[in-house]
Amino acid sequence: MSQGSQQSEPFYDVNRTYEDNYEEGPFGAFAEALRRDADVAPGDGAAGDAARTPADSFLGVPVNLAFGIPAGPLLNSRFTTAAFRMGFDLATYKTVRSRAWGCNPFPNVLAVHPKSADGSLTPGSPELDEGVLADTNYERPISISNSFGVPSQDPDLWQPDMFRAIEAAGPGQLLVPGFQGSRVEGMSEEEYIADHATTARLVKETGAKVMVMNTSCPNEGHNVLLCHNPLLVGRIAEAVKKEIGDTPLMVKLAYIPDDAALELMVKSTVGRGTVQGFSTINTISAKLVDANGDQALPGKGRERSGVCGNAIRGAGLDMVSRLAAIRDRLGLEFAINGVGGVVTPADYAAYKRAGADSVMSATGAMWDAELAHRIKATIGE
Ligand SMILES: Cc1cc2nc3c(=O)[nH]c(=O)nc-3n(C[C@H](O)[C@H](O)[C@H](O)COP(=O)(O)O)c2cc1C
């Protein structure tokens with residue numbers, strides 16, 4: 001594959017607002033894929049990949065290759081359909097909520113430049129609190145910060161669109177819906193738990209075969225993550241399971257440094273039969289500064305923001321191997337979806353070696369529409 005295809009125009013245009021992307025995207029090679037799709041008669045090989053027996057699986061559902069795009073850059077069914085047509089066999093529909101929810105002000109993405117030679121950011125390193133340079137100079141290997149606030153359409157809009165997204169999967173491909181609960185002023189803990197269950201039911205109504213519940217965004221207040229409270233996640237998973245029955249449920253986790261806390265998470269979810277897998281990691285929080293050392297993202301509460309892409313691959317691999325070790329130690333069965341800094345086929349392979357059953361790339365895929373094809377080429381798919 002040529003260098004050119006590795007530097008394709010991102011399918012999510014970071015120079016436009018979230019709303020513009022939602023209405024007009026996807027862009028670049030993903031837009032091309034949709035145009036080609038429109039030229040092919042239904043049932044005439046529109047999925048791009050020839051029908052064959054799926055060799056891999058995701059939460060028990062057969063897929064061609066358990067590689068795809070996690071919750072985030074695929075905003076609606078046009079984005080997820082384009083991802084399918086570009087060979088990403090897992091396409092996650094960006095996290096939805098029980099109600100309409102606004103997006104943080106533009107800009108929502110900046111390039112991030114850690115100081116280390118390999119561009120990595122290690123959890124706990126002082127650089128995360130001292131400030132990491134963030135600007136609009138998007139260099140490879142790509143690291144960015146994303147600051148959206150997990151916007152959502154109203155269920156009346158996202159439910160029919162998610163249905164369309166599910167229907168557009170080709171043979172051996174799977175639409176993975178993402179959802180989360182919404183904490184609003186004055187809500188009791190019971191109401192917050194119930195909101196997760198309601199949202200899961202709304203997702204199930206679209207015909208979803210699996211779902212991923214996000215506990216890894218600052219939905220518990222500024223920089224406080226739900227996944228830092230394993231017992232509450234356990235109670236929520238129980239309420240969600242009552243709504244969705246046999247539909248496999250995966251929980252999205254941020255980086256959790258402490259093994260005891262991670263083990264408690266596994267025991268209070270998988271151990272109680274409510275959760276069948278974990279997807280990890282989400283972004284790593286860092287203070288972002290411009291070239292003058294001033295706050296890089298405008299507005300109150302945006303001094304820090306989540307970093308993703310190349311910089312966080314080490315943290316993602318560490319989290320996946322520790323989860324895999326806990327799986328062995330406890331003798332429990334659950335799936336691990338490895339996420340964080342996958343920008344090349346070698347990164348995909350590293351996650352598989354670390355114990356991931358499936359792998360996804362958000363930032364890497366945004367800047368390389370051919371990533372799934374390149375991975376498939378290296379493993380002879
Ligand atoms: C543009 C963008 C939007 C994102 N939005 C969400 C989201 O809505 N829900 C979620 O769970 N994660 C979201 N994420 C996080 C990704 O799913 C992923 O965990 C993180 O970016 C690390 O993967 P990466 O290094 O491949 O980007 C988003 C990421 C990006 C780049």
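Predicted model: local features only at pLDDT ≥ 70, side-chain atom pairs only at ≥ 80, totals over all residues.
Strand β9 (residues 211-214) and strand β10 (residues 249-253) run parallel and are joined by 4 bridges; strands, labelled from the N terminus, are DSSP E runs of at least two residues, and helices are H or I runs of at least four. Within this pairing, Val212 has Met250 of β10 as its bridge partner.

Residues are numbered from 1 along each chain as its sequence is written, and side-chain values use heavy atoms, without hydrogens or water.

Both strands belong to a closed barrel of 8 strands, in the order β3-β4-β8-β9-β10-β11-β14-β15, with parallel pairing; two strands pair if DSSP finds at least two bridges between them. From one strand to the next, the twist averages 25 degrees.

Let me turn to the helices. The axes of α7 (residues 189-204) and α8 (residues 230-244) come within 8 Å and cross at roughly 40 degrees. Axes are lines fitted to C-alpha atoms, for helices over the stretch in contact, and angles between N-to-C directions run from 0 to 180 degrees. The two helices are therefore oblique to each other, the term for angles that are not roughly parallel (under 35 degrees), roughly antiparallel (over 145) or roughly perpendicular (65 to 115). Among the residues making the contact are Tyr192 and His196 of α7 and Leu232 and Arg235 of α8, contact meaning heavy atoms within 4.5 Å.

By comparison, α4 (residues 77-85) and α6 (residues 155-167) have axes that come within 9 Å and cross at roughly 10 degrees, which makes α4 roughly parallel to α6.
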